[in-house]
Amino acid sequence: MTTAPHTTVRQGVGESARRPDAVSKVRGDFAFSSDLWHDRMVWGATVRSPHPHARLLSVDPAGALELPGVHAVLTAADVPGHNRYGLERRDQPVLAEDRVRYIGEPVAVVAADTPELARRAAGLVLVSYAELPALTDPETALTGPVLHEGGNLVKHLRIRRGTVAEADVVVTGEYEVGMQDQAFLGPESCLAVPGEDAGVDLYCSTQWLHVDQDQLAECLALPKDRVRLTLAGVGGAFGGREDLSVQAHACLLALRLGRPVKMSYGREESFAGHVHRHPARMRYEHGATRDGRLLYVKADILLDGGAYASTSAAVTGNAGCFATGPYEVPAVEVDCRSVYTNNPPAGAMRGFGAVQVCFGHESQMDRLATALGMDPVELRLRNAVGTGSVMATGQRVEGPAPVAELLRRVAAKPLPPPPGELLPGGTSNSTRAEGLRRGVGYGVSVKNICKSAGYDDFGTARVRVFAHDGEVFAEVHTAAAEVGQGLVTVQAQIARTELAVERVTVLPADTAVGDAGTSSASRQTWMSGGAVRAACAAVRARLLERAAALLGEPVEALGYDGEAAAAVSTASGRSVTLADLLTATDVDETAVFRHRRTRALDPETGQGDAHVAYAFAAHRAVVDVDPELGSVRVVEIACAQDVGKAINPAAVEGQMHGGIAQGLGLALMEEVLVRDGRILNPSFTDYLIPTTMDMPPTVLDILELPRPDSPYGLTGVGEPPLLSAPAAIAAAIRDAIGGALDRIPATPEAVARAANRFP
């Protein structure tokens, strides 16, 4: 009898427990990676390519090395191991060797006594290039000059299911999504400290400690146990910290000099130093019956992966799998491709391919509703998937799929009152209220949770309980990256609930414990939470074994009483407290948690059970638009989302607010502008993100429909609140202006052009 205890322990699962880092972050006392310091440290800086494509002829460090206080200039020749890294393909040089493929590619690294001196020295490194034609258009890349061995095609996902039948109504559309930046507030930074064993200790902000360790060990030609990583304070991530940035460069310098090296990017360098959301071009065709039943969907999707692969293959997989949306479609023809170009590398960002295609399939549903003369909500309800439905990949939806319920909930919310003082154009009232048009739009979305397609996805956790002065304590140790999502809080909540121990400490995440996987794919609460729960169950079992020995009763007769903090015999009623059980030695258990196995999609048809779970959300947006100026104010956004089980309700609401904010940014203002391979707006002055003045009131509806196969029945919550927010806002703008809007972000120029039919 080793089931989890019934307990009223405070701040356990299901409660809005306070985050341990909340007060220090609000006060500005929290130590982020950019605050790292060592008495003997020097500073690193990076020499970067000014060309999108060129042969690298020579690197002359003499001018930099002549400066007093400059300690080293390293190039590709100084990389002791494999001069390549990458999450899915090892195709990206640590330092460029013979060619550069994008503006900002690292060519050399410099170490000096101060950050100012390091940057000055970097500017004195003379690099000779022979420029090559830049390939910056993804359409041209399909047949253009080859940028990498094997061609420019990173991945092609082909999905074929059913037979396309003749439809009563056919609508087509072409759509684009611009390049969005993760816009985390803490730029890349780390501190590398050489170890006494000729290894290195790295303190960095990342999303996946162990995959960084794997790549760094290859680059540095060191065994993995001599490359030790500890998570430093992370100032936001959203996918942009899955790839290496400063890590390898700082380690190279630290090992060369035998001194600690700190590297920290400024904002402009950060734009060059991490991946961005894949820009997408999409062509759709939907066929339906007169009564609005979908018969088929055809989609051709092209993703610009930029200069290196990063996660382009996985993003292609997601975009292709979810190109038809959360709808029942008898016949599907989807082709999704990602290609290399000489643009900045694209990779993981919150939503991971599903965001781009959501704008496409939801725009098509609105277009189809117009062609049918049908209410857009009714059209979606008529085709919504449910439990037991078959997705485009042929996979049956096994868990809750409340798409219709979510949509009905947002549609039933009262609409906000007519325009008041807050008008498009800001507080200066640069628009006339009499010219305003109000619009209402909807979007629904689907995305996978956790890793897919046969990936061995798992989490590892170590839990230790001990007694001190008669009180019981617990420690939780995982390598799971806390990137701002509240994971530390969740791990402590689970330990409190499972062990009925009030005092729980979550140790810093590092590579001294087993792999926890990445803090992405909305997976950490499921995977690391499941591992913590499993480790706690192992601890309980050990405690009951001790109790059985002390009481002289079979372990099967004992139960774990959380209220009494004791092991109790169901036969005799005798008990022994946890503190007594821990008097001599503590109990320390490590557990690995895995979800059910998935499998790769068939390469010819794209069919198969590739996903462990699906998550769904629905949005309704209300906007006011000045059609003459093209200015838009989002009046309100309603979001309904199934979370399975809200482990921390306040944190769930925070994820929903944050996702909506990023979705609003993509819909209206956020775009990394790239011309001829060069980023034109690498600053928060020119790359606009929503402020508090841009954010509307949000109406949240949280459903808790437990899954049968996850810890506590939970579903990942991080990505769904973003997915269909941009689509809903775009739909509301179209509803207001009565014109086509086929690209996001919807700039004022584009809105005015669509509203007034300008050329």
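This is a predicted model: local features need pLDDT of at least 70, side-chain atom pairs count only at pLDDT 80 or more; totals for chains, interfaces and linings use all residues.
Residues are numbered from 1 along each chain as its sequence is written, and side-chain values rest on heavy atoms, with hydrogens and water left out. Local features need pLDDT of at least 70, side-chain atom pairs count only at pLDDT 80 or more, and totals for chains, interfaces and linings use all residues.

The axes of helix α9 (residues 354-372) and helix α17 (residues 725-737) come within 9 Å and cross at roughly 35°, where axes are lines fitted to C-alpha atoms over the stretch in contact and angles run from 0 to 180 degrees between N-to-C directions. Helices are DSSP runs of H or I with at least four residues, and strands are runs of E with at least two, numbered from the N terminus. The contact (heavy atoms within 4.5 Å) involves C358, F359, E362, S363 and D366 of α9 together with A727, A730, A731 and R734 of α17.

With a salt bridge taken as a side-chain nitrogen of Lys or Arg within 4 Å of a carboxyl oxygen of Asp or Glu, the count comes to 42. In one of them, D78 pairs with R256, the closest N and O atoms being 2.9 Å apart; because D78 lies in the loop between β3 (70-74) and β4 (99-100) and R256 in helix α6 (residues 247-257), this pair ties together parts that are 178 residues apart in sequence. D78 has a relative accessible area of 25% and is partly exposed, a class between buried (under 20%) and exposed (over 50%), with a 1.4 Å probe and protein chains only. R256, at 47%, is likewise partly exposed.
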